[in-house]
Amino acid sequence: MTEKPAETMIRATTHNVELRNVARKIMDNQRISVEEGVLLFEQASLGFLGILADHCRQVRNGDTAFYIRNFHIEPTNICVNKCRFCSYSHHFSPVSWELTVDEILEKVRAQDETVRELHITGAVHPARDIVYYGNLLKKIRETRSGLHIKAYSAVELDYMIRKSGMSIREGLQYLKACGLESIPGGGAEIFDETIRQQICSMKTPAHAWLEIHETAHQLGIPSNATILYGHIENYRQRIEHLSELRAVQDRTGGFNAFIPLKFRNGNNLMDAVQEVSVTEDMKMYAVSRIFLDNFSHLKAYWPAVGRQLARISLSFGVDDLDGTINDSTRIYSLAGAEDQNPVMTVSEMIELIREAGRFPVERDSFYGPVYPGE
Ligand code: SF4
């Protein structure tokens, strides 16, 4: 049998027999185990991972790289929690805010008709409840009926639903009836309980995060998933996190995309922890693409990593660069990200994707292509 070019490159990249065996499984589109995932993190070179991740991306998405016209609304940064890595909440940020419903609707009206998706996430405000957030969804829907509303991380949902006395299922059904269409992936951080206790002990526990997403999927509400990497966790804890997500996806198929989120050390209680290198960022993308064999999309959230790294990530398994954002998020700018006013025009996005040798495709919230004038 003739060897494929990628297989030849793999053989040239490593003499490690165990790694070659794992590579063979990946090239044959077989699932790899937790142990094999850890092996990739611990022993594979970046070049080796890049070849494999690129193969996995190519199988799922060809040469396409997606983007969306979107904006964010962050209703408040006043929070009942005190996560140690957070630079955003009123505990650590130099500014605090609570937008009124009118101010939020004004932001919705200010967007032009080509913007398709609204992402709402913020802090866990002690005085706001599920009725408030449900009404907000209804009013946004009345203001702009065609806008896809992706709203409220599992951490916000956990708080508002518990406060209401509803079950998770009832709370999500209520919000869906108000206009909730999908759920962002924030708040997952790292599922390992020992690390979670050290970095965000007050936060929604991992099992509740997973239950909220799985229940949402059962109700026809898709979601995204994330990991916060590059702080005090180890490789095994990262892979175990991915393994939990892969198991949910096997049962529901409800995750749209996975988004690795890099820990940034500006203005928070973990500022003594060094940020990881670009090599480590690309390893995280590549191993995620390889391990999460049942996720269709891997996203680089460019306001977090910067434009240059986002472009490089397209060679390490990423097929989605999120969106135009329109300078509407402060979560990463408060943590010291390069882009203090994140906004990317559609032409800039297209150029960035083309520079990486990929074919840019504007998408809707479910990764359907959007054609000009639609
Ligand atoms: S990360 Fe979220 S939940 Fe934690 S303190 Fe910050 S805003 Fe609150």
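**A walk around the ligand and the helices**

Visitor: How do the residues of the shell around the ligand divide by class?
Guide: Keep in mind that this is a predicted model. The residues around the ligand are C79, N81, C83, F85, C86, Y88, S89, A123 and K203. Cys counts as nonpolar here, and the shell divides into 6 nonpolar, 2 polar and 1 charged.

Visitor: Is helix 10 largely enclosed or largely open?
Guide: Start with who is buried: the list includes W209, L210, I212 and H213. Among the elements covering the buried residues are helix 7, helix 8, strand 5 and strand 6. With 10 of its 13 residues buried, helix 10 is therefore largely enclosed.

Visitor: How far apart are the end C-alpha atoms of helix 10, and why does that agree with its 13 residues?
Guide: Helix 10 covers residues 206-218, and at 1.5 Å a residue its 13 residues should span 18 Å. That agrees with the model, because the end C-alpha atoms are apart by 19 Å.

Visitor: Which residue just after helix 10 takes a positive phi?
Guide: Look just past the end of helix 10. The phi there is about 80°, and the residue is G220.

Visitor: At what angle do helix 11 and helix 12 pack?
Guide: Helix 11 brings residues including Y235, I239 and L242 to meet helix 12, whose side includes M284, V287 and F291. By class, that contact has 6 nonpolar, 2 polar and 4 charged residues. The crossing is right-handed, and with axes 11 Å apart the angle is about 35°.

How values were computed: Residues numbered from 1 in each chain as written. Predicted model: local features only at pLDDT ≥ 70, side-chain atom pairs only at ≥ 80, totals over all residues. Heavy atoms only, no water. Near = heavy atom within 4 Å. Axes fitted to C-alpha atoms, helices over the stretch in contact; angles between N-to-C directions. Helix = DSSP H or I, 4+ residues; strand = E, 2+ residues; numbered from the N terminus. Left-handed = near helix turned anticlockwise from the far one by under 90°. Contact = heavy atoms within 4.5 Å. Expected span 1.5 Å × (residues − 1). Buried < 20%, exposed > 50% of the residue type's maximum accessible area, 1.4 Å probe, protein only.
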